[in-house]
Amino acid sequence: MDINELRIFRAVAQEGNITKAAQTLGYVQSNVTARIQRLEEEQDTKLFYRQRKMILTPAGEKLLSYAEKILHLVDEAQKALQNTGEPKGILRLGANHTTSALHLPLVFAQYHKAYPKVELSLTTQFSGELIDKIKHFELDAAFVKAPANDSDIVKELLYEEELVLISNSDYDDIEKVLAKPFLMNTKGCFQRELLESWLKSIGIHSLRYMEFNHLDAIVQGVISGLGASIVPYSVIQRYMGENKLRYFPLPAEYKTIQISLIRKKDSLMTAAFEKFVQVFKIYSPKIDVPGPIS
């Protein structure tokens, strides 16, 4: 068993497919297949069930746990040797959809300008998926809805977003707005879960959804009169002088979302990551939410 075999094994386990794993690794498919077969022969045990997907056997699950730790230690050793003060290498970041769309483009641009030797990568997913990737060493850090206390997770910074209910500017009656379809992200989105909790608390249990996966599409849909939505105020800030939208404040217990930048507790705090935190603090937008438009 060598490091390359473990990397191939982990890739197949993550992708659930030899072809995709080969593409991810930049190997030919036959090479990946042969290395997995050799690993199984060396260990004298089956690591995958070959079905439509490559599914880990109990032995495979056990090996994956060790493989992730071993490969993490090897990667950390390389980072430690390269961590001589000048930020460089790969920085793998994750973010929820709002942070990715609103706050990271400017931060990434400024960071790349200051530290061109760092190769930035970004994965955009829901918070639960990102936390799982952090725990499995697939990301160095991620912006997520503030997670519950977890001994494996370290929060490096935290900021808050204020959520508002938005509608086309023709509507000034919140009851009429709440009766409209809601333009929201797909199931699993925190704002969608919060919306359902709020409306259930006031006796509304039946909601109609139109699903969009991009904030600009949601806002444009609301402007055109397709329905209403709940979004961070920072999403609509630039529209406030155009009289295209109306927004309504949410009750105190539902109006604030906390976003944390998290990493795994035992991960190396590299110069590249330290500088990213500094750049984010400088260039991330400072949102000042005024009173509701009447």
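Two strands are said to pair if DSSP finds at least two bridges between them. In this predicted model, strand 5 (residues 141-145) and strand 11 (residues 256-264) meet that condition, pairing in the antiparallel sense over 4 bridges. Within this pairing, Phe 143 has Leu 261 of strand 11 as its bridge partner. Strand 5 is also joined to strand 3 (residues 89-95), by 3 bridges, and these two strands run parallel. Here Gly 94 stands opposite Ala 142 of strand 5. Strand 5 is mostly covered, with 4 of its 5 residues buried.

Strand 11 has a further partner in strand 6 (residues 153-168); the two pair in the antiparallel sense over 9 bridges. In strand 11, Ile 257 stands opposite Glu 161. Strand 11 is mostly covered as well, since 7 of its 9 residues are buried.

The protein as a whole contains 12 helices and 11 strands. Its C-alpha trace spans about 70 × 45 × 35 Å along the principal axes. Of its 294 residues, 43% count as buried. Among contacts with a separation of 6 or more, 74% are between residues 24 or more positions apart.

The C-alpha atoms of Ile 259 and Thr 98 are separated by 9.9 Å, while the two residues are 161 residues apart along the chain. Ile 259 has a relative accessible area of 3%; residues under 20% count as buried, and therefore Ile 259 is buried. When neighbours within four places in sequence are left aside, the contacts of Ile 259 include Phe 143, Val 144 and Lys 145. Asn 96, Ala 146, Leu 157, Leu 158 and Tyr 159 are also among the contacts of Ile 259, as is Thr 99.

Thr 99 is placed in helix 5 (residues 97-102). With a relative accessible area of 1%, Thr 99 is buried. Residues up to four places away in sequence not being counted, Thr 99 touches Leu 104, Phe 143, Tyr 159 and Ile 259.

The surroundings of Trp 198 include Leu 165, Ile 174, Leu 178 and Ile 230, all of which Trp 198 touches. Trp 198 also touches Leu 250, Pro 251 and Tyr 254, again without counting residues up to four places away in sequence.

Two packed helices are described by the angle between their axes and the distance between the axes. The axes of helix 1 (residues 3-15) and helix 3 (residues 29-43) come within 10 Å and cross at roughly 110°. Angles of 65 to 115 degrees count as roughly perpendicular, and helix 1 and helix 3 are therefore roughly perpendicular to each other.

Most residues other than glycine have a negative phi. Asp 44, however, has a positive phi, near 55°. Asp 44 lies in the loop between helix 3 and strand 1 (48-50). The relative accessibility of Asp 44 is 71%; values over 50% count as exposed, and so Asp 44 is exposed. Asn 243 likewise has a positive phi near 55°. The loop that holds Asn 243 runs between helix 11 (233-236) and strand 10 (245-249). Asn 243 is exposed, with a relative accessible area of 61%.

Methods: Residues are numbered from 1 along each chain as its sequence is written. This is a predicted model: local features need pLDDT of at least 70, side-chain atom pairs count only at pLDDT 80 or more; totals for chains, interfaces and linings use all residues. Side-chain values use heavy atoms; hydrogens and water are left out. Axes are lines fitted to C-alpha atoms, for helices over the stretch in contact, and angles run from 0 to 180 degrees between N-to-C directions. Angles under 35 degrees count as roughly parallel, over 145 as roughly antiparallel, 65 to 115 as roughly perpendicular and the rest as oblique. Contact means heavy atoms within 4.5 Å. Buried means under 20% relative accessible area, exposed over 50%, partly exposed in between (1.4 Å probe, protein chains only).
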